[in-house]
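Here is a friendly walk through one protein chain. Keep the viewer open beside the text as you read.

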Amino acid sequence: MSPSCLVCTLLAILPAASVTEVQYVGQLKQVAGEGVGDLKSFELTCRLLNPAGKSQMFWSVEETGGGEFAWPERFGIATFQGANQLASGQLPRVLQTHNDSPSPVDLPPIMLPTEKPLEVGQEWEHQKTQYVVEGEQTVRVSDGGDKVDCWVIEMTSHPGRQTKLVVEKENLTLLTAEGRLFLGRGDRYQIQMERKSSRSVEGPLADQLATAFDGLTNLQTKLERRTNETTPKLHDNQLKLTAKALPELEKSVRETSLQGLVAAIKKDVEDQTNRDRGLNSLAEKFLGESAPDFALSTLQGKSVSLKGDTEDDQIVVLHFWKYHDEKLNEPYGQVGYLDFLHGKRNKLGVQIYGVAVDERFGTGSDFAAKRGVRKLAEFMNLGYPILLDDGDVLKTFGDPLNNGGELPLWVVIKPDKTVAHYKVGFYQIKPNRGLEELDAVVVDLIKKRREAAE
């Protein structure tokens with residue numbers, strides 16, 4: 001199937017282990033604002049299981065153009081109770097990058113959330129979304145050419161999203177959808193979906209799909225990712241969990257519609273593992289060695305230097321990141337957690353420096369760059385000083401970008417000016433514990449310094 005297709009699979013686990021697969025085509029296109037004509041296509045796979053009194057829908061998405069979710073966010077589970085009312089979980093969505101900022105976009109509902117029967121003019125509200133039955137229509141479906149009786153329904157949700165749904169009268173499942181939505185500062189997009197085909201899957205293959213469903217959702221739960229996470233990087237333990245689960249996943253999806261998803265997972269794990277090996281080699285190069293000398297200026301113009309022959313008793317933490325205020329996305333370089341750590345440890349002889357990296361610093365056109373850093377520092381109310389680096393100091397510490405990684409880079413330097421800790425990328429965070437891994441390194445150095453002074 002072409003990348004422009006949206007594939008939806010509704011799995012009804014009947015006593016005879018019967019499964020129905022239904023296919024849709026869909027596109028998301030910007031029609032007003034900067035970026036007119038940008039086009040996204042996507043593919044979606046959903047499974048609907050019907051245990052007593054409720055339904056569970058498993059779905060997976062593939063996206064082309066305009067950004068995409070990382071694989072852990074390209075599938076999910078939603079639980080419904082009575083009249084397709086969402087009880088828990090995540091409904092299908094895609095990720096649209098607009099003005100360099102990622103925006104999750106919910107897809108139109110595959111199952112209409114309402115009681116039957118309907119009638120023209122009927123109105124109702126579900127989860128802050130309004131529905132109105134505008135009329136009736138007979139539609140010839142493309143999968144077999146049969147004519148089916150449908151309801152035409154207008155769906156309106158905040159902010160300013162309107163979608164016309166055409167759903168089968170018999171089962172209230174979607175045939176077509178066409179609507180508008182807005183991203184950013186009012187830039188208009190158009191979304192379209194149309195059902196293309198359906199087929200029945202029965203017997204052992206249906207059971208195999210159910211096994212794959214369980215394996216994927218169990219893995220997703222163990223990864224403990226945030227809802228609508230947009231960072232593709234997996235932490236070490238997440239990579240290990242995925243690598244351990246892959247053999248069984250590959251077996252369970254063989255010759256099923258989920259085979260492509262698991263192949264993408266395997267490739268991503270291999271790529272990230274190889275990249276991490278390179279970054280680990282970079283860390284090994286610096287750990288235990290003398291930190292490079294440097295001299296930089298703060299936003300206020302004060303000079304700060306670190307030299308091997310300087311005698312002081314400070315523990316220094318450097319946080320290299322592109323500090324700026326525009327197109328700022330979570331987790332904001334984790335500077336909020338870093339500022340909290342600064343508040344706890346600064347009085348104990350720990351000096352934290354944010355190092356803003358921008359090639360414009362030191363040139364005649366660095367005013368805008370400095371203003372952006374200043375606005376971010378004020379917005380986040382940062383208490384630690386920020387140094388300005390045109391990239392030269394970052395290079396002396398090993399630029400992660402040259403090794404397949406990304407900022408931030410965290411470096412902890414002991415009082416004797418040797419590197420005690422070197423970390424590329426974000427820390428795995430539990431909100432009530434903050435930068436636990438970094439803080440453990442700092443606390444250990446504080447204890448060792450006290451012991452040496454006794």
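What percentage of the 454 residues in the protein chain is buried? Buried residues make up 47% of them.

## The chain as a whole

This is a predicted model. The protein chain has a mean pLDDT of 87, and 93% of its residues reach 70 or more.

Seven helices and 21 strands are found in the protein chain. Its C-alpha trace spans about 85 × 45 × 35 Å along the principal axes. Of the contacts with a separation of 6 or more, 60% are between residues 24 or more positions apart.

Let us turn to a sheet. Seven strands form an open sheet with mixed pairing, in the order β16-β15-β19-β18-β17-β20-β21. At its edges are β16 (303-306) and β21 (419-424), each of which pairs on one side only. On average, neighbouring strands of this sheet are turned by 25° against each other, direction ignored. Helix α4 (residues 335-345) packs on the sheet, where it touches β17 (315-321), β18 (350-357) and β20 (409-413). The direction of α4 makes about 155° with that of β18.

Threonine 298 has leucine 387 in β19 as its bridge partner.

## Two hairpins

Two strand pairs can be followed residue by residue. Strands β7 (residues 93-98) and β8 (residues 101-106) pair in the antiparallel sense over six bridges. Glutamine 96 has its bridge partner, serine 103, in β8. The two strands form a hairpin with two residues between them, and asparagine 99 in the turn has a positive phi of about 55°.

Strand β13 (174-183) runs antiparallel to β14 (residues 187-202), and eight bridges join them. Opposite glycine 179 stands isoleucine 191 in β14. This hairpin has three residues between the strands, and glycine 184 takes a positive phi near 65°.

Which side chain of opposite charge is nearest to glutamate 154? It is lysine 164, 4.8 Å away. A salt bridge would need a side-chain nitrogen within 4 Å of a carboxyl oxygen, and glutamate 154 has none, though it is buried. Glutamate 154 lies in strand β11 (residues 147-157). Leaving aside residues up to four places away in sequence, glutamate 154 touches Gln130, Tyr131, Val132, Glu134, Gln162, Thr163 and Lys164.

Lysine 169 sits in the loop between β12 (161-168) and β13. Lysine 169 counts as partly exposed because its relative accessibility is 26%. Its contacts, not counting residues up to four places away in sequence, are Lys116, Glu136, Asp149, Cys150 and Trp151. Threonine 138 is 31 residues from lysine 169 along the chain, and their C-alpha atoms are separated by 10.0 Å.

## Backbone details in the loops

Most residues other than glycine have a negative phi, and most peptide bonds are trans. Lysine 128 is not a glycine, yet has a positive phi of about 65°. This residue is placed in the loop between β9 (123-126) and β10 (129-140). Is lysine 128 buried or exposed? Lysine 128 counts as exposed because its relative accessibility is 71%.

Lysine 417 also has a positive phi, near 75°, and lies in the loop between β20 and β21. With a relative accessible area of 5%, lysine 417 is buried. A cis peptide bond, with omega near 15°, leads from leucine 407 to proline 408. Proline 408 is found in the loop between α6 (392-396) and β20.

Methods
Residues numbered from 1 in each chain as written. Predicted model: local features only at pLDDT ≥ 70, side-chain atom pairs only at ≥ 80, totals over all residues. Heavy atoms only, no water. Helix = DSSP H or I, 4+ residues; strand = E, 2+ residues; numbered from the N terminus. Buried < 20%, exposed > 50% of the residue type's maximum accessible area, 1.4 Å probe, protein only. Lys, Arg positive; Asp, Glu negative; His and termini not counted. Contact = heavy atoms within 4.5 Å. Pairing = 2+ DSSP bridges. Axes fitted to C-alpha atoms, helices over the stretch in contact; angles between N-to-C directions. pLDDT = per-residue confidence, 0-100.
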